[in-house]
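Dear colleague,

I am passing on the structure below, together with some notes on it. Please read them with the model open beside you.

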Amino acid sequence: MHLLRNIGCLATCRPDGAQGEIHEVRNAALVWDDGTIRWAGPEDELPFDRRSCHAFDAGGSLVVPGLVDCHTHLAFAGWRADEFIQRIEGHGYLEIAESGGGILSTVRATRAATGEELLDRCLSFARRMIALGVTTVECKSGYGLTLADELKLLRVYRQLDRSGPLRIVSTFLGAHVVPPEYEADRGGYLRSLTTEMLPAVRREDLATFCDVFVEESAFTLDEARALLETARALGFGLKIHADQLTDGGGARLAADVGAVSAEHLEHVSDAGIDAMAQAGVVAVSLPLAAMYLNQDPLPARRLIDAGVPVAVATDFNPGTAPSFHLPFAMTLACVRQRMTPAEALKGATIIAARAVGMDDRIGSLERGKVADFALIDAADVGAWLYHLRPNACRATVIDGVPRWSDLPAG
């Protein structure tokens, strides 16, 4: 067995209790074996003989569950710095999209890239995400928009997951936007999604979830409902890009179809919030995207007060959230969404794990869970997210194995 002792503050982030209840233990210890947590609690109550454990000293660090980034678009080619400048100059998201930029700009670049090129890029991102304390990442397709290119992206994610050590959850987002070759035949593209792409993805077992972007520039409620109902019949879990730019009713649709999560929600209505609360849908907050688009962020306090659990993720993509720095997104959730540091941490651990259907295995430091955790150079969660630094993570452990560390040798 392995023992991590001298933990200054252990944030276990159990699923019970309110969003701000992270179940901290001071002067704690953590025991794991064969990649599974055996015990977590006060060090002076350790129920194991220390001599039977291979011990490590946490040096008084804060220890948190491995972070879960539950919304990214990890595999893409190219960047879109030109759009960053255009938005500063006053051009809006829809205006840039209508002029040939936006998602379709990345689609063109990604179609031209090989699977090997995309995998190499994802591996580079993954190594740096692990160094931030991230242990699980949800990865969406959606920059291919043909059968061959969507399969290419999802196969990259499968290779990334198999190569490890980062845990990958794949989502099919063929319904990101309508590609230009189908501009005059939306119905034809929807038929391709439902009769060709979704069955092909299911045959190869390449994705756990199906997602759809419900927005003026993407898909209508009726189109999204038809796609999601087909996906559900094929055995996919459901997610929705909802109410990002307008109140398009995406939150209510997420509740109606039993989606695990509704994501973005900057313009969610009170009716949408109530529907999500009643249906148990997780709200996924993406504060980096709101910052880059100069939008008001998701109304976290209204959601939390209504009983909707709020996850925090990066939305890492080349256009509207070109950063995979999840701790920074958590700080933004505190500053711009009025979430407490504890609420943000629970949102990036056990609630994010729920948003990817893995809260029975990851997201908290409890007996029987996977031994994914990070050592943070801070006295507690508040001190960590208050003091913005390039990286406060000192070490990351995945499946009980140290995967990154800047601790002194020995």
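This is a predicted model: local features need pLDDT of at least 70, side-chain atom pairs count only at pLDDT 80 or more; totals for chains, interfaces and linings use all residues.

Residues are numbered from 1 along each chain as its sequence is written, and side-chain values use heavy atoms, with hydrogens and water left out.

I begin with the strands. Helices (H or I, at least four residues) and strands (E, at least two) are DSSP runs numbered from the N terminus, and two strands pair if DSSP finds at least two bridges between them. Strand β5 (residues 62-65) pairs with strand β1 (residues 2-11) in the parallel sense over 2 bridges, with Val63 as the bridge partner of Leu10. β5 also pairs with strand β14 (residues 373-376), here in the antiparallel sense over 4 bridges; Val63 is bridged to Leu375 and Val64 to Ala374. β14 in turn pairs with strand β15 (residues 393-398), again antiparallel and over 4 bridges, and Ile376 has Cys393 as its bridge partner there.

In a regular strand the side chains alternate between the two faces of the sheet. Both faces of β14 are covered, since Phe373 and Leu375 on one side and Ala374 and Ile376 on the other are all buried (buried means under 20% relative accessible area, exposed over 50%, and partly exposed in between, with a 1.4 Å probe and protein chains only).

Helix α8 (residues 250-257) is mostly covered, with 6 of its 8 residues buried, namely Gly250, Ala251, Leu253, Ala254, Ala255 and Val257. These buried residues pack against α7 (221-233), β10 (237-242), β11 (261-264) and α9 (270-279), where contact means heavy atoms within 4.5 Å. After α8 comes Gly258, whose phi is positive, near 75 degrees.

Ser141 lies in the loop between β7 (134-140) and α5 (147-163), and it counts as buried because its relative accessibility is 0%. The side chain of Ser141 reaches the backbone nitrogen of Leu173 at 2.9 Å. Leaving aside residues up to four places away in sequence, Ser141 touches several others, among them His73, Glu150, Tyr157 and Thr171.

By contrast, Ile88, which is placed in helix α1 (residues 81-88), is exposed because its relative accessible area is 62%.

With best wishes

Terms used. A polar contact is a pair of N or O atoms within 3.5 Å; within protein, one must be able to donate a hydrogen and the other to accept it, and residues adjacent in sequence count only if both atoms are side-chain atoms.
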